[in-house]
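Q: Can you take me through this model? I'd like to start with the contact between the chains.

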Amino acid sequence: MTEPKDKPIVDPDGDDEEPKSGDQSPEDEPEENPE
Amino acid sequence: MTACADRPGYLPRFQPQNPAISGDDNGWVNCTAYSGAMAAAYDTCGGVNLTGEMVRSLSSEPRPSPGSPGLNLRQLDDALNRYGVDLEVRYRLPWADFARKINKGEGGVLQLETGPFLNTKFKSTAGAVNHAVFVPPGWGVMDPAADGRRNLYWEYDGTPYPQELLKRAAGRLILSTNRDGSKNRLDYGYVYAAFTRDRRSTWTWQHGPGKFVLWRANDATRECTAIKTQVTGGTKRHACTPPRLYRTPDGRTKLLVRMLAGAYKDKYVPAAYSEEVP
């Protein structure tokens, strides 16, 4: 007989990404046309 | 209302991130820290005067990670908490709400991608990069990269930026990069921002029919734990605290509010269903 496991709590609202600013320097040369 | 009711129009000292000016060897990757330093000064009416370099040193990554040397808004908030400055960090906030908060006197550290600036006089970076700026009331954006270097780039002088330009740049914020190099961006009309304290607004919370997670949280440690998934046929509207960021035991970040009344009094619930009452 297996013991019942607690069901994980699933957050219906999900997670937000947390981007960083500053990963590229303002002095970095452009790689592509931005727009 | 403005953070400095007794000093209307107070603005912090502009802080350029350029290592040649700031003396900060890591200045070029510290746009978030420099914007945050100006936000802290604004929040406290000049009471907390930190340099961007100091803010960086207070963060969870005092030495920039080689693979990802920048900072995010949660790291900035955590760093400034150590000086008693508590920013209101908001993810995916509608632009109209951002503009309303700035217009009523709050300052905001705004994350954006600089592409839309490149063909304007406000150009402050060589290419299109994720960046952070401090936006005070009046929209005279304090861009820490706007130092006028080599007469190629904008030099901060308090000139208001067109709101539409900022809105476009905010919506192009790069959230992540896929393996094939393509980028996931925030959408036009939304912002990632961290606001200075608002001493006037109240907040309410209400959830329609559906599910949400109830949380337990510690405001001193900023840690939270899920209690259970709550199913509701719709709640009444009750007062709550302003949104704050908390960390789950597995390292995820949650934006929560604490209920001040009603059936969930003193429980923490998702801030996505909260509303600011100006």
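**Interface and sheets**

A: Between chain B and chain A the count is eight salt bridges, a salt bridge being a side-chain nitrogen of Lys or Arg within 4 Å of a carboxyl oxygen of Asp or Glu. This is a predicted model, where local features need pLDDT of at least 70 and side-chain atom pairs count only at pLDDT 80 or more, while totals for chains, interfaces and linings use all residues. Residues are numbered from 1 along each chain as its sequence is written, chains are lettered from A and ligands numbered from 1 in the order in which they are written, and side-chain values use heavy atoms, with hydrogens and water left out.

Q: Which residue forms a salt bridge with Asp16(A)?
A: Arg92(B), with the closest N and O atoms 3.5 Å apart.

Q: And how many residue pairs are in polar contact across the interface of chain B and chain A?
A: The rule finds 25, both residues at pLDDT 80 or more. A polar contact is a pair of N or O atoms within 3.5 Å; within protein, one must be able to donate a hydrogen and the other to accept it, and residues adjacent in sequence count only if both atoms are side-chain atoms.

Q: What do the residues on the side of chain B that touches chain A divide into?
A: 25 nonpolar, 16 polar and 12 charged. Here Ala, Val, Leu, Ile, Met, Phe, Trp, Tyr, Cys and Pro count as nonpolar, Asp, Glu, Lys and Arg as charged, and the others, Gly among them, as polar.

Q: What area is buried between chain B and chain A?
A: About 3,100 Å², with carbon and sulfur atoms giving 46% of that. Buried area is the accessible area (1.4 Å probe) that two parts lose on being put together, summed over both. In chain B, the residues losing the most area to chain A are Trp28(B), Ala126(B) and Val129(B), together 15% of what that side buries.

Q: Switching to the fold. In what order do the four strands of the open sheet in chain B come?
A: β1-β6-β2-β3, with antiparallel pairing. Helices (H or I, at least four residues) and strands (E, at least two) are DSSP runs, numbered from the N terminus, and two strands pair if DSSP finds at least two bridges between them. β1 (88-94) and β3 (130-135) of chain B each have a single partner strand, so one side of each has no neighbour in the sheet.

Q: How many bridges are there between β2 and β3 of chain B?
A: Six, with β2 covering residues 108-113. Val135(B) in β3(B) is the bridge partner of Gly108(B).

Q: Which strands does helix α4 of chain B touch?
A: Helix α4 (residues 73-81) packs on the sheet and touches β1, β2 and β6 (190-195) of chain B, contact meaning heavy atoms within 4.5 Å. Its direction makes about 155° with that of β1(B); axes are lines fitted to C-alpha atoms, for helices over the stretch in contact, and angles run from 0 to 180 degrees between N-to-C directions.

Q: What does Asp77(B) form a salt bridge with?
A: Arg222(B), the closest N and O atoms being 3.0 Å apart. Asp77(B) is in helix α4 of chain B and Arg222(B) in the loop between β8 and β9 of chain B, 145 residues apart.

Q: Last one: how many residues lie between β11(B) and β12(B) in their hairpin?
A: Five, and Gly251(B) in the turn has a positive phi of about 90°. Four bridges join the antiparallel strands β11 (residues 244-247) and β12 of chain B, and Arg247(B) stands opposite Thr253(B).
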